[in-house]
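Please load the model in a viewer with both chains displayed, and keep a selection panel open. The stops below are meant to be followed in order.

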Amino acid sequence: MSIASVGMKVTLFIPCFVDLMYPKVGISMVQILEKLGHTVECPEEIACCGQPAYNSGYWDEARAVGGRVLERLKESEVVVIASGSCGAMLKVFYPELFNGTAQAETARAVSKRCYEFSDFLVTKLGVTHLGARFSAKVTFHDGCHGLRELHTYDQPRRLLQHVRGLELVEMNENVCCGFGGTFAAKFPMISTAMGEVKCASAQETGADYIVSNDSSCLMHIQGLLDRQGAKMKTIHLAEILASS
Amino acid sequence: MSAAAQEFKTQARLLSADLRHRQLIQTALSKYEVVRDQNKEAFQNWEAARQAAAEIKWEAINHLDQHLADFVRNLEARGTKVHWASTGAQARDIILGIVHEKNARSIVKSKAMTSEEIHLNEALEHARFEVVESDLGEFIVQLRKEAPYHIVFPAMHLTRGDISDLFARELHSAPTQNPEDLTMIARHVLRQKYLAADIGLTGANFAIAETGMISITENEGNARLTAALPKVMVTLLGIEKVLPSLEDLALFLPMLSTMGTGQPLTCYNSLYGGPRQPGEPDGPEEYHVVLLDNRRTELLADAEQRDALHCIRCGACLNVCPIFRNVGGHTYGTTYSGPIGSVITPHLRGLQDWRHLSYASSLCGACTETCPVKINLHHHLLHNRRNACIQRPSRVEKVAFKLFAFIVDRPALYNLAKRAGRLLQRFYPVLKGTRLDPAYAWTKTRDLPPIAQQTFKEYWRTRRSDRQVTKCI
């Protein structure tokens, strides 16, 4: 760990679905960040990045949400986002969304300080070994926003490689699980077909768990697995890294 | 919802549940992926090649007026007749005019998606001319009276058995599962058509401004026969096909075949520069080139999405698109399907009628990642969505998002909504999975996790107050 990155004040961005349905993911992140010697703050007023409105084409409404998020993150030292998708929203899409507005400069400045969780640990902190133990065979699902907007591919894998008892096996290809936010409700039949392909691909590896750094994808995948009565489970990367 | 959107939803529902179709396409494309990747490795630096290609197309498109003028001047200098068509109807009229003037009876065609775009075959057949597609895949779908399934693999959705049955029914051939035998059946029919045809009609892969030449890339030699045998040759192409110089083909030909079919180069690559010149032994006596706009200039005027005109129609974005792979090419109801089709169709055929295609995407970005000319495909889907909502928002959605913005900004309201949700979910099992279920679109095929007994924010608040208590003690 570099000296410069000890004792940072980390603003943890907990997206709405992590808050409501996957609190353990956020709690695990707090534990890990504090164990590494950082102070965590989690602003009560931030509940959503505005991506549902942005992806649906309602950019004014997305700016209404995002503008206030930016105000609340303006003074932050570093922002860690508990989802690749919301991470992409803040880091990649905010600068475009606020381009030409009074908040353009803030959006660009905040973007530079934003990290998806695994990217923060590996790239910013240079940490890959967290002393975790998790005895299982797992496969990793890359959320598309994390993978293609934030280029987070090696980071979660490097973290998993240092977990004792864990065996990582790769799926045959990096294909979208079919969640896609409002897409999952607008075109449920296509979303489901894509999810079935993903589940089959994960099951082919013989893994016990599908791990991801995005709970939104896991919500969709687990929802399908449960309906199929499959044995396979999903789990967030942070939960594995916090286990001992 | 437009009629096109309704049709899309109906077809998507059918196809995404069709496991035979899913398997067929996955199998075909997994073979393609292996050879595509092998050939990408033959490039010294694939990413640098993509960047170079994007820059060349940027130059071509951003100085399109100049390059088109050079292209036309050079073509005309060798006696080619060049026609400009603003609309599909004009292009059809121009081609019908040539056919009438030559007293032609039959036309043989090599593969041209642009002709699909303007519905040329229907127009020619309506005027009682015989039109024969000579590309094997196109020949097959023409016999089935279908549009091409894919811009590069028109008959990708069919098995050998399907084709054997089709040939037996339409051409009275003996059933066979052998690909070579099937090809010979088609060849036997097609050879006669080339000899009888009065006019050969082709598309173009590239148009070289520097030399005034059309570049055609193919695997079956059918475009060569189409161009060489009939007395009159007609090439129909979109104005965006221009490349500035001949040298650019050194990059674009291997790139197109690598991404299109997974070949280092296709079997035949030809350049056509005009009709037969004095002293030349063969070639058409007359050569016409029809340049089609059909709203491409409107896309050109859109600085944000202009790079969609870089497209070289390799089909690579279709091949990696999980939507395309699950719903198939015909479901789109467009000439150009897959991600590029979803991006450009609203520009070519109307934003409101075709906006649904931009929403029918998980925005995974596999298309943008693979595109050899670096078109920002999945971000353009977001741009189309935004433009569609500015032009004609859905009132319900707009109110919903305004309400959403109002709630998430107010912790008290957000907490209230959370508590209400938690309370209501106790009664939820009664509705779950039924038509009264507000989350039916989700729960029809998937379970939904409940709102946690202690959410993260509740945990955080408890922890903070605990700490404050500890401090006080």
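In which sense do strand β6 and β9 of chain B pair, and over how many bridges? Select residues 213-218 of chain B, which form β6(B): in this predicted model, the strand pairs with β9(B) in the antiparallel sense over five bridges. Within β9(B), Tyr272(B) is the residue that stands opposite Ile214(B).

**Helix α10 of chain B**

Select residues 179-196 of chain B. This helix, α10(B), has 18 residues and reaches 26 Å from its first C-alpha to its last, close to the 26 Å expected at 1.5 Å a residue. Show the side chains of Leu182(B), Ala186(B), Leu190(B) and Lys193(B), which are buried. An α-helix has 3.6 residues a turn, so residues three or four places apart point the same way. The buried residues of α10(B) pack against β2 (106-109), β3 (130-133), α8 (136-143) and α9 (160-171) of chain B.

**Chain B as a whole**

Zoom out to chain B, which has 24 helices and ten strands. Its C-alpha atoms fill a box of roughly 105 × 55 × 45 Å along the principal axes. Of the 473 residues in chain B, 45% are buried.

**The parallel sheet of chain A**

Move to chain A and select the open sheet with strand order β2-β1-β3-β4, in which the pairing of the four strands is parallel. At the edges stand β2 (39-41) and β4 (114-116) of chain A, each with a single partner strand, so one side of each is left without a neighbour in the sheet. From one strand to the next, the twist averages 35 degrees.

Now select residues 78-81 of chain A, strand β3(A), which runs parallel to β4(A) and is joined to it by three bridges. Ile81(A) has Glu116(A) as its bridge partner in β4(A). Helix α5(A) lies across β1 (9-13), β3 and β4 of chain A, at about 160 degrees to β4(A).

**The nonpolar core**

Which residues have the most contacts inside the largest nonpolar core? They are Ile81(A) and Val290(B), in a core of 202 residues. Helix α5 (residues 84-97) of chain A gives this core its largest share, seven residues. Centre the view on Ile81(A): beyond its neighbours within four places in sequence, its contacts include Phe13(A), Leu90(A), Cys114(A) and Phe117(A).

Val138(A) stands opposite Tyr209(A). Strand β7(A) is also joined to β8(A), residues 233-236, by four bridges, again in parallel. Here Ser212(A) stands opposite His236(A).

**The interface**

Finally, display both chains: 48 residues of chain A are in contact with 50 residues of chain B. Elements giving two or more residues to the chain A side include α2 (23-35), α4 (59-73), α11 (188-204) and α12 (215-228) of chain A. That side has 29 nonpolar, nine polar and ten charged residues.

Notes:
Residues are numbered from 1 along each chain as its sequence is written. Chains are lettered from A and ligands numbered from 1 in the order in which they are written. This is a predicted model: local features need pLDDT of at least 70, side-chain atom pairs count only at pLDDT 80 or more; totals for chains, interfaces and linings use all residues. The expected span of a helix is 1.5 Å times one less than its number of residues. A residue is buried if 20 or more other C-beta atoms lie within 10 Å of its own, exposed if 12 or fewer, and partly exposed in between; C-beta atoms are placed from the backbone. Two residues are in contact if their C-beta atoms, placed from the backbone, lie within 7 Å. Ala, Val, Leu, Ile, Met, Phe, Trp, Tyr, Cys and Pro count as nonpolar, Asp, Glu, Lys and Arg as charged, and the others, Gly among them, as polar. Two strands pair if DSSP finds at least two bridges between them. A nonpolar core is a set of buried Ala, Val, Leu, Ile, Met, Phe, Trp, Tyr and Cys residues joined through C-beta atoms within 7 Å. Axes are lines fitted to C-alpha atoms, for helices over the stretch in contact, and angles run from 0 to 180 degrees between N-to-C directions.
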